[in-house]
Amino acid sequence: MNTQSHASRWALLLLAVGLSLVMLGTAAGSQGWQAWWTAGADPVSRQIVWDIRLPRSLGAWLGGALLGLAGAVAQGLFRNPLADPYLLGSASGASLGVGVYLSLWGGSAWAMNTWLGLGLTGAAFVGAVLAVLLTLLLARGVEQTQRLLLAGIVVGVVLGAVTSLISLLQPQVLQAMQGFMLGSTAFVSWSACATMAAILALCVALAWVFARVLDALSLGEATAQSLGVPLPLARMVLVGVVSLATGAAVAHIGLIAFVGLAAPHLVRSLVRCTHGWRLLLSALMGGALLVLADVMARVLLAPQELPVGVLTAVLGGGYLLWRVYRDADMGARS
């Protein structure tokens, strides 16, 4: 156990240092690290670095950390390595909230206004929260994880169909919704970073408190109950953590695929530890993955920029396919 904790702390330290370097380099952009030294003397460079590049990079890290944390909690709560943050219908709810808001305010032409951008963020967050509440209502609480899982799938499919119907009836919202569906960190502001940072701190604290419940659940539900673990309360809090973290990330950066699924897998493949450290490392790994994807989205086809959600889907899907192939090959050899 001491060796595992030691390895976890070293991995945590290395990831934190690496993330800081990546974020600073990303914020400096194409001018490299020199932009940091010249920003103080040149007002234009200072504005570009501090008002555009740094909040974008920090927002990408915070959004990825929220998704990584939510994915690790979901996988521990459902005892399923394929669980992701969108499992409770939050993604479909956020998309429906954006679709409804755009259809009410005239489609993509209005979406360029600053105040409407704030409205889109609020609509996505409200839609994600309402979708999770609908899932809880259909599942009749959080006591049965399998029922909760099935209810989340049903809610996701139904709300996705309603969103498609809105797009069909009002085609003018398609262009504005496309940016949200593909994910983007280009419009993250300092206020959005502050909001995501506060929610991330709250979710990490709550998840850390109930990390031992996830350790007990990994031994089986009957074993966890025999150990005196408060399962109903823990499930409610952990579902709230997944919902809040996912809703905050989706509201500010759109639908980013595979980050919440791949980050816990990477952590498990690198470090063996209890859920307490796994949750923290998954948050750091999620932030690293999304910042890296954001950098690649900017430089691969420069000056044209790729949607970061498409890039994370390709990278994350490729990694998971490689893991499945490797595990199947090792199983065949054994």
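Helix H6 has 25 residues, which at 1.5 Å a residue should span 36 Å, and its end C-alpha atoms are 36 Å apart, so the two agree. The expected span here is 1.5 Å times one less than the number of residues. Helices are DSSP runs of H or I, at least four residues, numbered from the N terminus.

A word on the source: this is a predicted model, where local features need pLDDT of at least 70, side-chain atom pairs count only at pLDDT 80 or more, and totals for chains, interfaces and linings use all residues. Residues are numbered from 1 along each chain as its sequence is written, and side-chain values use heavy atoms, with hydrogens and water left out.

Back to H6. Its buried residues include Leu148, Leu149, Val155, Leu159 and Ile166. Buried means under 20% relative accessible area, exposed over 50%, and partly exposed in between, with a 1.4 Å probe and protein chains only. Valine 162 is also in H6, but counts as partly exposed because its relative accessibility is 35%.

Which residues form the nonpolar patch on the surface? Valine 162 belongs to it, together with Leu134, Leu137, Leu138, Val154 and Val158, and the accessible area of the patch is about 500 Å². Areas come from the Shrake-Rupley method with a 1.4 Å probe, and only the protein chains shown count as cover. Helices H5 (114-139) and H6 (145-169) each supply at least two residues of the patch.

Leaving out residues up to four places away in sequence, phenylalanine 78 touches Ala83, Leu87, Leu88, Thr145, Leu148 and Leu149; contact means heavy atoms within 4.5 Å.

Last, leucine 62, in helix H3 (residues 43-78). Is this residue buried or exposed? Leucine 62 is buried, because its relative accessible area is 5%. Beyond its neighbours within four places in sequence, leucine 62 is in contact with Cys193, Met196, Ala197 and Leu200.

Conventions:
Patches are made of residues with over 30% relative accessible area and no salt bridge: like charges are joined within 9 Å, nonpolar side chains (Val, Leu, Ile, Met, Phe, Trp, Tyr) within 5 Å. A salt bridge is a side-chain nitrogen of Lys or Arg within 4 Å of a carboxyl oxygen of Asp or Glu.
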